[in-house]
Amino acid sequence: EAMRLQTDAFSAKNGRPVVYMFPMGNLAMRKARAQFACNFFACAGYKIIDNLGFDTVEAGVEAAVEAGAEIVVLCSSDDEYAELAPAAYKALAGRAEFVVAGMPACMEDLKAVGIDQYVNVKSNVLETLKAFNVKLGIN
C-alpha cells in the first residue's frame, strides 16, 4: 500500500506511469501473460494499457511509444521470444523500459543482447516493483 501511495503522490505532479502490454504471437500464451503482467504492474498503481495483440513488432513498438509508455511488456510464448524479444528490444531503442513476461528457456540468449528484465511467477513482486519505481524516479 505504501508503494501505491508513493505512485499516487508522484502521479499527482508528473502523471501516472504507463505500462503498455505488447501481446504478440500465440493467442493463448499472449493473453495469459498479458493478464499476469497487467495484475503484476497494477499493484504499484501504474496506468495499465492492455491490447488485443499486434501483427508486427514495428506496429507494437510504435503504438507503445505513441501511448507514452514508460514500461513496455512483451507478452508471447516461450518459443516465440527468441525471435520477437530481440526485434522488439532493438525497435524500442531505449525509449522505454523493456520487460519480457515469462521465464523463457532462451533467457541467456536474450540477456546477451541486453534484455534483462522479466516478470513471472518466480518474481518477487514487491522488490521488482520497488526497482521499477526507482527507475521511473518515484521515491
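This is a predicted model: local features need pLDDT of at least 70, side-chain atom pairs count only at pLDDT 80 or more; totals for chains, interfaces and linings use all residues.
Student: Turning to the largest nonpolar core, which residues touch the most other members?

Tutor: The core has 47 residues, and those that touch the most other members are Phe22, Phe41, Tyr46, Ile71, Val73 and Phe98. As a general point, nonpolar side chains in soluble globular proteins tend to be buried together.

Student: Take Ile71, then. What does it touch, not counting residues up to four places away in sequence?

Tutor: With those set aside, Ile71 touches Val18, Val19, Tyr20, Phe41, Tyr46, Ala96, Glu97, Val99, Phe132 and Leu136.

Student: New topic: helix α3. Which of its residues are buried?

Tutor: Helix α3 spans residues 57-66, and Val57, Gly60, Val61, Ala63 and Ala64 are buried there. They lie on the same side of α3, because they cover an arc of only 160° around the axis. In general, an α-helix has 3.6 residues a turn, so residues three or four places apart point the same way.

Student: What is on the other side of α3?

Tutor: Glu58 and Glu66 are on the other side, and both are exposed.

Student: What covers the buried residues of α3?

Tutor: The cover includes β1 (18-23), β3 (71-75) and α4 (78-92). Just after α3, Gly68 takes a positive phi of about 75°.

Student: Where else is there a positive phi, in a residue other than glycine?

Tutor: Ala93 has a phi near 50°. Ala93 is in the loop between α4 and β4 (97-101). In general, most residues other than glycine have a negative phi.

Student: Is Ala93 buried or exposed?

Tutor: Ala93 counts as exposed, because its relative accessibility is 57%, above the 50% cut-off.

Student: How many disulfides does the structure hold?

Tutor: The structure holds zero disulfides. Cys43 is in none, and the nearest cysteine sulfur, that of Cys38, is 11 Å away. For Cys75, also in no disulfide, the nearest cysteine sulfur is again that of Cys38, at 7.2 Å. A disulfide would require the two sulfur atoms to be within 2.5 Å.

Student: Why does Cys75 count as buried?

Tutor: Cys75 counts as buried because its relative accessibility is 0%. Cys43, with a relative accessible area of 42%, is partly exposed.

Student: Now Thr128: where does it lie, and what does it touch outside its sequence neighbours?

Tutor: Thr128 lies in helix α6 (residues 125-135). Not counting residues up to four places away in sequence, Thr128 touches Phe40, Val119 and Ser123. At 17% relative accessibility, Thr128 counts as buried, since the cut-off for burial is under 20%.

Student: Last one: which residues is Gln6 in contact with, leaving aside neighbours within four places in sequence?

Tutor: Gln6 is in contact with Asn133, Ile138 and Asn139, once those neighbours are left aside. Gln6 lies in helix α1 (residues 2-14) and is partly exposed, with a relative accessible area of 33%.

Student: How many residues apart in sequence are Gln6 and Glu58?

Tutor: Gln6 and Glu58 are 52 residues apart in sequence, and their C-alpha atoms are 33 Å apart in space.

Definitions and conventions:
Residues are numbered from 1 along each chain as its sequence is written. Side-chain values use heavy atoms; hydrogens and water are left out. A nonpolar core is a set of buried Ala, Val, Leu, Ile, Met, Phe, Trp, Tyr and Cys residues joined through side-chain atoms within 4.5 Å. Buried means under 20% relative accessible area, exposed over 50%, partly exposed in between (1.4 Å probe, protein chains only). Contact means heavy atoms within 4.5 Å. Helices (H or I, at least four residues) and strands (E, at least two) are DSSP runs, numbered from the N terminus. The arc is that of the directions from the helix axis to the C-beta atoms.
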